[in-house]
Amino acid sequence: MIGGIFPIFNKEISSITSFKTEPPRVECFGFDLRAFRWAQMMIYAIDEVNRQPTLLPNISLGYRILNSCSSPTNTLRAALTLSHGTENTESTTMCPPTISALIAEEASSQSIAVAGALGPFKVPVVSYFSTCACLSDKRKYPTFFRTIPSDYYQAKALAALVKHFGWQWIGAIQSDNDYGRQGVLAFTEEVEKLGVCIAFVGTVLRSYKTETFLAIVEMIKQSTVKVILAFVPENDFYPLMKEVVKHNITDIQWIGSEAWITAAQLSTPEIYRSFGGTIGTMVQKMAMPKLKPFLTSISPYKNPGAAFVGDFWEIMAGCRPPSPGKLLAVMTKNKKCNGSESLMNSKDVFFNVKELRVSYNVYTAVYAIAHALHHVVFCEPVGGKAVNPCLNISDIEPKQVTDHLHKVNFKNDYGDTVFFDEKGDPPASYDIVNWQLIDGQVQHVTLGHFSSTANKDYKLKIQEENIVWRTEKEVPKSVCSSFCPVGTRKAQIKGKPICCFDCIPCADGAIANSTGSTDCTPCPQEYWSNEKRDECILKTIEFLSYHEPMGIAITVVSILGALLSLSTMVIFIRYKETPVIKASNSELSCFLMLSLFMCFLCPLTFIGRPTVWTCMLRHTAFGVTFALCISCVLGKTIVVVTAFNATIPGNKLAGKFGPAQQRIIVGSCTFIQIVICVLWLTLNPPFPDMVFRHSNTKIILECNTGSEAAFYAVLGYIGLLATVCLVLAFLARKLPDNFNEAKFITFSMLIFCAVWITFIPAYVSSPGKFTVAVEIFAILSSAFGLLMSIFAPKCYIILIKPEKNTKKHVMGKI
């Protein structure tokens with residue numbers, strides 16, 4: 001015996017009796033043709049099994065079918081009645097009235113009640129339309145099976161559909177029961193992994209007041225979403241659909257769950273105005289041509305006492321058949337039937353057997369139970385060698401049927417493989433369907449397919465060119481915020497979902513080279529962002545070059561100074577026998593002019609792209625040449641001082657400070673600088689370096705001094721020589737000679753010291769290549785100061801005033 005529970009009447013009312021001690025009576029009304037067809041499918045499948053010679057041979061299946069009235073309470077009452085056999089029945093067989101398995105129920109809430117109640121008694125429950133993922137929990141529902149995929153897979157299918165069309169900002173409508181709440185929860189978890197946001201969730205139920213549906217309509221109108229998922233059974237969704245149509249909301253793309261996407265009562269031209277083009281998932285359809293004769297043969301005249309047939313006949317034939325019982329259908333004003341009515345030529349959708357979905361699930365449930373019973377009775381699958389029962393049918397226990405349902409694996413006459421996984425669920429397989437208006441009639445068109453394997457991988461195939469969008473020729477867009485273009489990043493708006501964001505331009509030095517970037521990527525150190533912030537470009541490399549105006553000017557001035565030094569040296573060599581030249585110590589003067597010549601050439605090493613050799617040369621050459629230069633000036637100063645002191649009686653200092661001593665002073669002072677530079681180059685030499693701190697868009701190429709202590713030691717030593725020279729020259733500035741070099745040396749040292757004292761803060765604060773320019777300026781300024789202060793007066797007398805180039809004039813006697 002197999003039990004069946006179907007919501008053949010889908011509404012219930014409670015009538016209060018006049019006696020306070022008597023409980024209220026529950027009456028059902030609202031005959032559901034679809035549920036009645038499910039019940040007839042169960043009868044058809046059982047009859048078909050009983051006629052098969054290989055499946056349960058010599059054993060007949062019976063059935064007991066009860067109405068649930070779409071109520072969890074009534075469903076539970078019916079399940080307990082069937083499982084314990086407490087209802088009075090008329091039976092002509094010797095079989096016990098208890099059932100071996102139960103086929104129930106449509107709604108998930110009803111199945112939860114049944115599976116929870118019968119689980120402790122090990123009675124297997126096979127549902128044909130309950131999809132709530134919560135029913136896959138074997139700890140709570142150990143004996144629950146179903147022939148429709150779990151909402152776990154439907155959520156994946158709907159999420160894949162949303163991902164396919166790029167919708168990121170959607171609303172959701174759920175029914176106020178386990179099916180709706182669990183379905184939307186599973187869907188939300190799936191789409192959140194894809195970055196999709198749920199803007200709102202509305203909750204509906206057929207028993208809700210109109211104000212609730214109006215509030216949801218207003219929420220839809222105020223929202224910016226253009227795509228809404230409805231995870232609702234058709235009877236709960238229909239009141240909201242009517243309000244949506246009444247308010248002329250036509251710019252929403254609806255996504256439907258399998259509970260309503262193919263509902264006939266919703267596929268009308270009136271509903272199509274707002275819901276045409278709805279796309280959704282549905283369990284795969286199946287055509288069963290042999291079923292139609294069975295359905296058209298249903299008649300109250302064959303079996304006047306058959307349950308529900310009289311109500312069915314009153315709706316289909318339009319007349320009241322003779323019936324021993326009370327009709328429960330609402331339509332009670334019809335005339336009585338005359339017995340000549342027939343349904344053979346009826347065109348009602350009830351008899352359409354080409355697109356069976358839930359009915360086919362009922363058919364599959366019957367066969368699954370039959371195969372499990374065959375395993376129990378014959379200890380072999382259908383088609384095995386054993387023909388004799390290994391167990392008396394009176395000893396069959398529901399627990400055994402449950403255990404063997406897990407082992408069911410067969411292919412039915414329609415080519416489908418039937419089996420249950422470890423959770424009691426079948427493999428997931430959905431059709432993607434679309435509401436379209438074809439030849440003036442609303443029809444469902446299959447657009448694609450979704451399937452999911454046991455390891456949770458899924459495949460979605462959609463024939464997108466066959467989709468009919470209601471409002472646009474192209475896929476509608478539904479986003480809270482548009483994709484951020486390249487060069488910008490998403491910035492979350494406080495208090496709103498992650499799909500609502502502002503687009504902030506990337507900061508300097510960072511880029512976003514793809515749309516919808518959440519972060520900007522910093523450019524490498526050698527690169528910088530372009531104006532659009534979508535590409536890193538190489539920074540401009542900057543150094544003092546020969547081709548720019550500053551480099552050209554410095555080169556010209558440097559060469560000019562070197563030529564002046566050489567010219568002065570030529571003049572001094574040409575007029576070396578004249579009194580002016582003799583009085584100025586010609587040897588030291590030539591050394592000084594040679595060192596100035598090299599000083600003027602030093603800036604040329606500061607121009608051009610820095611290399612290892614130029615970096616080592618520029619600072620050391622500068623330090624040594626200036627040390628030589630100041631050493632020569634110091635020698636000339638000492639000569640002047642000792643010459644004056646030689647006029648003092650008894651002073652022999654002048655005789656001890658001849659040319660040899662002068663060379664020793666110049667060589668030893670220069671040698672100390674050479675030692676400092678050698679130590680510098682050996683321990684931590686200057687090297688070419690890239691500097692990024694001065695500019696974000698430029699790379700400054702300069703020579704890193706390596707050891708700053710060595711660099712300042714070189715400058716400090718030059719400063720020490722200059723200071724000593726300045727002091728001695730200052731003391732000898734008023735000597736009585738008419739041509740006293742001490743005056744010119746003092747002036748030149750003042751210029752030298754002023755230049756280099758000013759150089760230090762300017763050098764530290766100047767950015768980039770201007771640092772090099774400041775150093776070159778100091779070198780050229782100090783070199784010109786020495787050249788012009790010391791040698792210009794002598795050249796003036798030699799070339800312009802030759803009459804003053806006499807010994808008497810030099811000695812101050814004229």
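I take a salt bridge to be a side-chain nitrogen of Lys or Arg within 4 Å of a carboxyl oxygen of Asp or Glu. The model I am reading is a predicted one, and by that criterion I find 15 salt bridges in the structure.

Entry on Arg139. I looked up arginine 139 and found that its salt-bridge partner is aspartate 137, with 3.4 Å between the closest N and O atoms. I then checked accessibility: arginine 139 counts as exposed because its relative accessibility is 77%, whereas aspartate 137, at 22%, counts as partly exposed.

Entry on Lys193. Here I noted a salt bridge between the side chains of lysine 193 and glutamate 190, at 3.6 Å from N to O.

Entry on helix 12. I followed the salt bridge in which the side chains of aspartate 403 and lysine 399 meet, with an N to O distance of 3.1 Å. I placed both residues in helix 12, which covers residues 398-405, and because they are 4 residues apart there, about one helical turn separates them. Aspartate 403, at 35% relative accessibility, counts as partly exposed, and I recorded lysine 399 as partly exposed at 40%.

How values were computed:
Residues numbered from 1 in each chain as written. Predicted model: local features only at pLDDT ≥ 70, side-chain atom pairs only at ≥ 80, totals over all residues. Heavy atoms only, no water. Buried < 20%, exposed > 50% of the residue type's maximum accessible area, 1.4 Å probe, protein only. Helix = DSSP H or I, 4+ residues; strand = E, 2+ residues; numbered from the N terminus.
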